[in-house]
Structure formats: structure tokens, C-alpha cells
Amino acid sequence: MVAISASSPAGAAAKPFYKILYVQVLIGIVLGALFGWLLPEYATNAWVKALGDGFVKLIKMLIAPIIFCTVVSGIAHISDARKVGRVGVKALVYFEIVSSFALIFGLLVGNLLRPGAGFTGHGDAAAVAGFEKQAGAHHAVDFVLDIIPDSVVGAFAKGDVLQVLLFAILFGFALMALGQRGKTILSLVDDLAHAVFGVINIVMKAAPIGAFGAMAFTVGKYGAHSLGNLLGLVATFYLTSALFIILILGSIARIAGFNIFKFLNYIKSELLIVLGTSSSESALPALMEKLERLGCSKPVVGLVVPTGYSFNLDGTNIYMTLATLFIAQALGVDLSFSQQMTILIVAMLTSKGASGVTGAGFITLAGTLAVVDPALVPGMAIVLGVDKFMSECRALTNIIGNGVATVVISWSEGELDRAKLKAALDRKIDVSDVRAGVSTG
């Protein structure tokens, strides 16, 4: 997997509030909503719309390299898991099972609550009709054959997600088979991933402008009441994630013999770090140290936590299914049962490695929409204004899921110190220990 190092938020000097991306995006959203409400004739100008559309295009530009790097790196690094034997197999099986639960959970809530229903913006009807006509001309055989690119370069040039995924999977397994001989190439892929994530960091600086344009155009064209749907999406996502943590992860924790609420209290410092950075990677060093002090064996922690950051993204999975359904409902596109099953399969692949940096979840959403139904891609502009508020919840759910996974795998291997577990969960943790753990990362 790709490990993106992060400096310690705890030791860094506090930024002026106006330099924090979260605040800038919030200001952009508020100003955009006011602009669209007070001056709708100007907010619907093509140049204002271009601000949001341009940011979406910048994000889409990075889909292919991000998916390639994260999938290749994640698969190739499984060679480390093979050395640990059944621990690696258990971890990967656990990841896929729980990730499937997260995806299904998001679909169920999205279909039940229908947060996008009633949204007045139905997109470009002509464009939707064009996409539908194009999709109808393709048979199942064509779909399968289209997954295979005419050339590797062509797959990246067109930005075809499934073609890039196919090549990345094959390339990752090839590197795994090469063993030590493939380490140089794997290191190059990891370095390339760092560079691409650096580009994302640069692109994300434009998020306040993109949020302003997207929100201004949305409110200007569809009216202020359209904000109710967006706030409903955020509330639905937070509710769904909370229910998933309490019901699904809580049940798993109970089976393993510990209380999910005590566990959340135990890692509360890490959760605050994640909340401030919108990335679960920022708390990785401290989380690993705390899990060892919780009674998990060091080999299990060293394998499960880093691998989980690429293969166990519960929050991202919930987000992608829920956001996809919201966009479809908002645009008036009825997704068939087979299309919703496609969401499960595609999201399971595109979500791998999406926790590395702020905004990566939005990238994987673009990839999922492009495969499920290209007519849904323009709808990304609808959720752009509130995506930042959901990124925190994605990251929080991801880190909680990986923490629970590590304890469960240690328990299943008989390598969980019950005495340490009980003592750690029943007492308060010294904050200085957490800071020391982060600073050593």
C-alpha cells in the first residue's frame, strides 16, 4: 500500500484560521450560497459554473494515476502479508467482508431515506439522453471487451477507469511474483504515488473557489431550497456512518470481547487529529503505538494497520454508495438493481488506497460514477460544495474500522493480551504518550 507520511499536527504551530483549508471551503460555500441567492442572474453565468466544473476536471485528471499507483502498490505489498501466512489471509478476507457490509449498508440507507429525492436540478436532459443512447448501443459482450484496452497508454489517455484497473491489477500481481527483483519498480511506483498525491494537495488549494462556483450556480439555478437536499445528504452520511460503527463494528467488537464505545474513548486523541486533517493517514503512527499498548501483537499491528489503509476503507465505501445514489436521485436517473450491484463491485476496487489525502474520496467517486453511468458524472458538481464536510466523517470511520480490524485479527490469532486490553480500555490515556507516538512517525 502507499503510505503517505504526515507531519505531526500536535507539534506544529497553529495556522491562522483564514489559512486553514476547512475554513476557506466553508467561507466559499457560504459566499457561494449568498451570491446564488441574492444575485441568481449572475450566479448562473457560464464563468461562475466553470469554477465548479473546472475543479471537477482537475480532480478527474488525477483519477487514472491515483488508481494505478494505489492498486499496484497495495497488491505488490501483499508479499509482506504472505510472509506472515494466515494473518495476511485473515486480514484480507476480513477487509473484503466488512467493506462489503459498508457498501451494502450505504446502499440500503440511500434507498430507504432517498436524500436526493425532490432535488430540482435534473441536469442536462439532452446530455442524459445522449448518454442513455450510447449505453443502449453496447451489449454485455462489448462491455467485457471494452475493459481490455487497445494499449496501456490508450487506457491512461482516455482515463478509462476499468481499463486502468485491469492493467494495475495485472501489474501488481506481476510485481508480487517478481519478489525482490521487483522492489526497485515498486519503490518507483510508491514514489510516483507520493508525487501524484502532491499534485492533489496543490489541486485541493482550489477547492474553496470550486466550492464557491458550484454552490453559487446550484443555488442560483435551483433556488435556496436546494440546500436542504445537500444538508440532508451530509446528515444522512453522518447518521449512516454512526449506525455502521455502532451496529456493525460494535457487533464485531462485542464478538471479540471488547466495547466499541470504550475503544472510541481510548483512541479519541487520534480521532481529533483525523478530524483536523480530514485524513486518517495523519494519525497512523500514534494509532499503531496505541494498538500495541492495547495488547495487540506487534507483527499483527505492523501488517493489518498499513494494509488496512488501502484495503479497509469503511467510511469511503459508505460515502461512495450513498453519494452515487444521491446524485442519481438528484438527477432523476433510476439505477437498476444490476447497476447498483455494479456500484458494489466497482466501489470495492476504486476505494482501495483512497484514504491517503484529503479529496481522494471525491476522486474515487468520480471513477465509480464514470463506470456505473457516465450521465451521473456531471452531478459531482452538486455534492462538491459539501464534500469537505463528509471527508472528515470518511476519515474517522476509516481509522475506527482499521483499529477494530487490528484488535479482531489479533484476537483470532490468540495474540491479544486480554489483561492489557482491559487495563487500557478502563483507564484514561496520557495525552503525552500520544504525542510521543506521533512525533516518532
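Residues are numbered from 1 along each chain as its sequence is written. In this predicted model, local features need pLDDT of at least 70, side-chain atom pairs count only at pLDDT 80 or more, and totals for chains, interfaces and linings use all residues, while side-chain values use heavy atoms, with hydrogens and water left out.

Q: How many helices and strands does the chain have?
A: Helices (H or I, at least four residues) and strands (E, at least two) are DSSP runs, numbered from the N terminus. By that count the chain has zero strands and 23 helices.

Q: What percentage of the 441 residues is buried?
A: Buried means under 20% relative accessible area, exposed over 50%, and partly exposed in between (1.4 Å probe, protein chains only). For the 441 residues of the chain, the buried share is 54%.

Q: Which residues of helix H22 are buried, and why are they on the same side?
A: H22 spans residues 418-426, with Leu421, Ala424 and Leu425 buried. They cover an arc of only 90° around the axis, which puts them on the same side of H22. The arc is that of the directions from the helix axis to the C-beta atoms. So the residues sharing that 90° arc are Leu421, Ala424 and Leu425.

Q: Which residues are exposed on the other side of H22?
A: The other side of H22 has two names to note. They are Ala419 and Lys422.

Q: How many salt bridges does the structure hold?
A: Side chains of opposite charge can pair when their charged atoms come close. A salt bridge is a side-chain nitrogen of Lys or Arg within 4 Å of a carboxyl oxygen of Asp or Glu. The structure's count is five.

Q: How many residues apart are Lys90 and Glu413?
A: Their side chains meet in a salt bridge (2.7 Å, N to O). Lys90 lies in helix H6 (residues 86-113), and Glu413 in the loop between helix H21 (380-412) and H22. Lys90 is partly exposed at 29%, whereas Glu413 is buried at 12%. The pair links distant parts of the chain, and the separation is 323 residues.

Q: Which residue forms a salt bridge with Asp53?
A: The closest N and O atoms of this pair are 2.6 Å apart. Both residues lie in helix H3 (residues 46-61), four residues apart, so about one helical turn separates them. Asp53 is partly exposed at 28% relative accessibility. Its partner is Lys49.
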